[in-house]
Amino acid sequence: MMFGPQEQDSSPLDRLKRRETWVRLACISTFVNLSIILFFTIYPLNFTFNVALIGESMREIDWDLFQDVSRGRSYGLDLISNILLFAPFAVSWTVWQGLNNRASGRRVVFETAVICMMISICIECSQLLLPGRSTQLADVSTNTLGATIAALLTAGVLSEIDPQFKSPL
């Protein structure tokens with residue numbers, strides 16, 4: 001599919017061939033995906049600003065970069081959900097930035113990975129204020145890994161669809 005010229009009285013199917021339509025759809029999708037991520041990762045929103053509780057939560061931070069299955073805990077479902085959690089956001093952000101800014105694929109993939117890592121760090125830090133929640137560095141790494149893979153795949157597909165977009169590879 002190539003992006004066609006802009007026409008005033010075109011059918012909805014013809015309008016989907018325009019770059020501006022895809023940029024708008026990707027922008028809306030990006031913010032919807034971010035809202036869903038934030039809602040499900042910090043719900044219920046019962047933040048507690050108790051210094052003692054925050055100090056206790058900070059002592060219990062799991063600093064392992066990747067989930068350690070050898071400790072007898074199963075992280076399979078948690079690992080998969082963390083990898084997939086940021087994938088829709090990464091896809092929509094990559095499409096939005098790739099079509100809107102006409103940046104190179106490498107730059108868009110790098111920016112997507114950094115933005116997803118920063119959002120994930122903010123979510124994990126906010127969990128310090130939520131009673132009963134735990135903060136894990138492994139969540140940040142798996143969220144970032146999933147987002148980077150999704151951004152790479154999206155950038156590869158986008159480079160096939162849009163000749164102005166340069167492939168990240």
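Me: A nonpolar patch is made of residues with over 30% relative accessible area and no salt bridge, their side chains joined within 5 Å. Which residues form such a patch on the surface here?

Reply: This is a predicted model. Its patch consists of Ile28, Val32, Ile36, Phe39, Phe40, Tyr43, Leu45, Phe47 and Phe49. Together they have about 990 Å² of accessible area.

Me: Take Phe47. Why is Phe47 called partly exposed?

Reply: Its relative accessible area is 32%. Phe47 lies in the loop between α2 (19-42) and α3 (51-59).

Me: What makes Asn143 buried or exposed?

Reply: Asn143 has 4% relative accessibility. Buried means under 20%, so Asn143 counts as buried. Asn143 sits in helix α7 (residues 137-161). Leaving out residues up to four places away in sequence, Asn143 touches Asn82, Leu85, Phe86 and Ser120.

Me: Gln136 is in a loop, between α6 and α7. How do you know whether Gln136 is buried or exposed?

Reply: The same cut-off settles it: buried means under 20%. Gln136 has a relative accessible area of 12%, so Gln136 is buried. Glu60 is 76 residues away along the chain, yet the two C-alpha atoms are separated by 9.1 Å.

Me: What makes a set of residues a nonpolar core, and which residues have the most contacts inside the largest one?

Reply: Its members are buried nonpolar residues joined through side-chain atoms within 4.5 Å. The largest core has 25 residues, and Phe86, Phe89 and Ile123 have the most contacts inside it. Helices α2, α5 (87-101), α6 (105-126) and α7 each supply at least two of its residues. The largest share, 7 residues, comes from α5. In soluble globular proteins, nonpolar side chains tend to be buried together.

Me: What does Ile123 touch, beyond residues up to four places away in sequence?

Reply: Ile37, Leu38, Thr41, Ile42 and Phe86. Contact means heavy atoms within 4.5 Å, so each of these five has at least one atom pair in that range with Ile123.

Me: How many helices and strands does the protein have?

Reply: There are 7 helices and 0 strands. Along the sequence the pattern reads α-α-α-α-α-α-α.

How values were computed. Residues are numbered from 1 along each chain as its sequence is written. This is a predicted model: local features need pLDDT of at least 70, side-chain atom pairs count only at pLDDT 80 or more; totals for chains, interfaces and linings use all residues. Side-chain values use heavy atoms; hydrogens and water are left out. Helices (H or I, at least four residues) and strands (E, at least two) are DSSP runs, numbered from the N terminus. Buried means under 20% relative accessible area, exposed over 50%, partly exposed in between (1.4 Å probe, protein chains only). Patches are made of residues with over 30% relative accessible area and no salt bridge: like charges are joined within 9 Å, nonpolar side chains (Val, Leu, Ile, Met, Phe, Trp, Tyr) within 5 Å. Accessible areas come from the Shrake-Rupley method with a 1.4 Å probe; for residues, only the protein chains shown count as cover. A salt bridge is a side-chain nitrogen of Lys or Arg within 4 Å of a carboxyl oxygen of Asp or Glu.
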